[in-house]
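Please look at the sequence and the structure below.

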Amino acid sequence: MSINKQKKSSPLYIKVHENDNVAIVVNEGGLSKDTIFPCGLKLIDDVPQGHKVSLTSLSIGEPIIRYGEIIGYAREPLQKGSRIRESAVSLPVPPTLAELIQESPKTEEMKPLNGYTFLGYENNDGSVGTKNILGITTSVQCVVGVLDYAVERVKKELLPHYPNVDDVVALNHNYGCGVAIDAADAAIPIRTVQNLMKHPNFGGEVMVVGLGCEKLTTGRLLSNDDKRDVVLLQEEQGFHGMLETIMKMAEEKLKRLNKRERTLCSLSNLVVGLQCGGSDAFSGVTANPAVGYAADLLVRAGATVFFSEVTEVRDAVHLLTPRAANEDVQRKLVKEMEWYDRYLERGKADRSANPSPGNKKGGLTNVVEKALGSIVKSGRSPIVDVLAPGEKATKKGLHYAATPASDFVCGTLQLASGMNLHVFTTGRGTPYGLAMAPVIKVSTRNALKEQWHDLIDINAGEIATGNATIEDVGTELFHYMIDVASGKKKTWADYWKLHNDLCLFNPAPLT
């Protein structure tokens, strides 16, 4: 990556790869027509911050190259120094999945990083929590109003007596009834709920509140259908009877959770989910590469790392299959891409539905450019496994956890896969947070950190101006993750208690 600059007040652009014929403008507020860069390039258009300028003249049909990859083709002649607008770029054909399988792929060896630890909550099943939470699972949306009322009372009347418990969280969702419960794709929301209720931050304490007539029965959720962990509202005497039963069971769980204490644990017990939302053109050159550097450090230390978002991987999957640990992992990755292609086709949607208007305002032209910037969150480590949506991880190392690109759905599915710490990069800004696990927010631009000084935890914007390196910010993030996982530091999302609702992925029919 090269940053064309003289001094801080000079016009700046970033060219990521030596073969790129476009670059993005760094200066806050953008640059006006006739601006001349130190290299001699002259703008013939006004170019907003993060938007692309052509470094050469391009004829109709010529490839537009960023990250060393073709992100589109010129629909019209483009002069050197012109702004590259979305309307001037045609979307390239996505990589053909069948051609991506290689025999015996060779992956890069990563030198182990030994001796790193954090203070976590050890569980009987071998998992480790970063928080100590009472999680109460709903089996159907019908009970949410009653449970929310009960949880507020538990927090007010009971939780102060159990200081070692961080929070009480209701796992509310819109599934459970009025659904094709035996449809093939129903396996996705069902296993998601099953795995959420066993999250490592819940300390092995299971509590389910159901109605009594729903399709998602407690027998489908609990392997032993243990009624001691279940409250069915249709079996209770009135509203006050419901509250009394819920609060009584909650207090029994709180007593046991209150005995949990943080102990010194190997960093190999950390499970980190990586995600980006409100992305912009800086995401792929500042925050995401820094996260990728930190991800490699985590993998070298034995931890588990997820990256996700199918539509933000699909157009760059040809760069990922060579990193698969073996041919089986390659096939699993291709299988998830194929499944999602069919899923989009059923909805008569295509990949042009991503990016969002905000992404485009931040300089991202199309999903190809977005995907190339998104996958760098994964670093350079070998991909050891691929998880279907909501599937639990069983290996250490870097995983591709297949999810939609929706922030809320992706976060929910990564939690179900066992994530106990979340890293979220953003360029446009979002107050997104999760109640079940800490969320570290990383900004792509200095301006966002300055604007949202009390929402952004780590600023990667200094990379764009040349005042910090990817390694600097990645190392800072690595150590910050350890402190947050240990309870020594609190993210802004947790400080303000900014927690988004869980959002299940249900591709099965509603009835």
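In which kind of crossing, left-handed or right-handed, does α2 pass α9? The crossing of α2 past α9 is left-handed. The model in which this is seen is a predicted one. On the α2 side, the contact is formed by Thr192, Asn195 and Leu196, and on the α9 side by Thr412, Leu413, Leu415 and Ala416.

Helix α2 covers residues 187-196 and helix α9 covers residues 407-416. Their axes come within 8 Å and cross at roughly 60 degrees. Angles from 65 to 115 degrees count as roughly perpendicular and those under 35 as roughly parallel, so α2 and α9 are oblique to each other.

The second pair is made of helix α5, residues 287-300, and helix α11, residues 470-485. Here the axes lie 8 Å apart, and the packing angle is about 55 degrees. That angle makes α5 oblique to α11. The crossing of α5 past α11 is right-handed.

Which residues of α5 and α11 meet? From α5 come Pro289, Ala290, Val291, Tyr293, Ala294, Leu297 and Leu298. Their partners in α11 are Ile470, Glu471, Val473, Gly474, Thr475, Leu477, Phe478 and Met481. Of the residues in the contact of α5 with α11, 12 are nonpolar, two are polar and one is charged.

Key: Residues are numbered from 1 along each chain as its sequence is written. This is a predicted model: local features need pLDDT of at least 70, side-chain atom pairs count only at pLDDT 80 or more; totals for chains, interfaces and linings use all residues. Side-chain values use heavy atoms; hydrogens and water are left out. Axes are lines fitted to C-alpha atoms, for helices over the stretch in contact, and angles run from 0 to 180 degrees between N-to-C directions. Helices (H or I, at least four residues) and strands (E, at least two) are DSSP runs, numbered from the N terminus. Angles under 35 degrees count as roughly parallel, over 145 as roughly antiparallel, 65 to 115 as roughly perpendicular and the rest as oblique. A crossing is left-handed if the near helix is turned anticlockwise from the far one by less than a right angle, and right-handed if clockwise. Contact means heavy atoms within 4.5 Å. Ala, Val, Leu, Ile, Met, Phe, Trp, Tyr, Cys and Pro count as nonpolar, Asp, Glu, Lys and Arg as charged, and the others, Gly among them, as polar.
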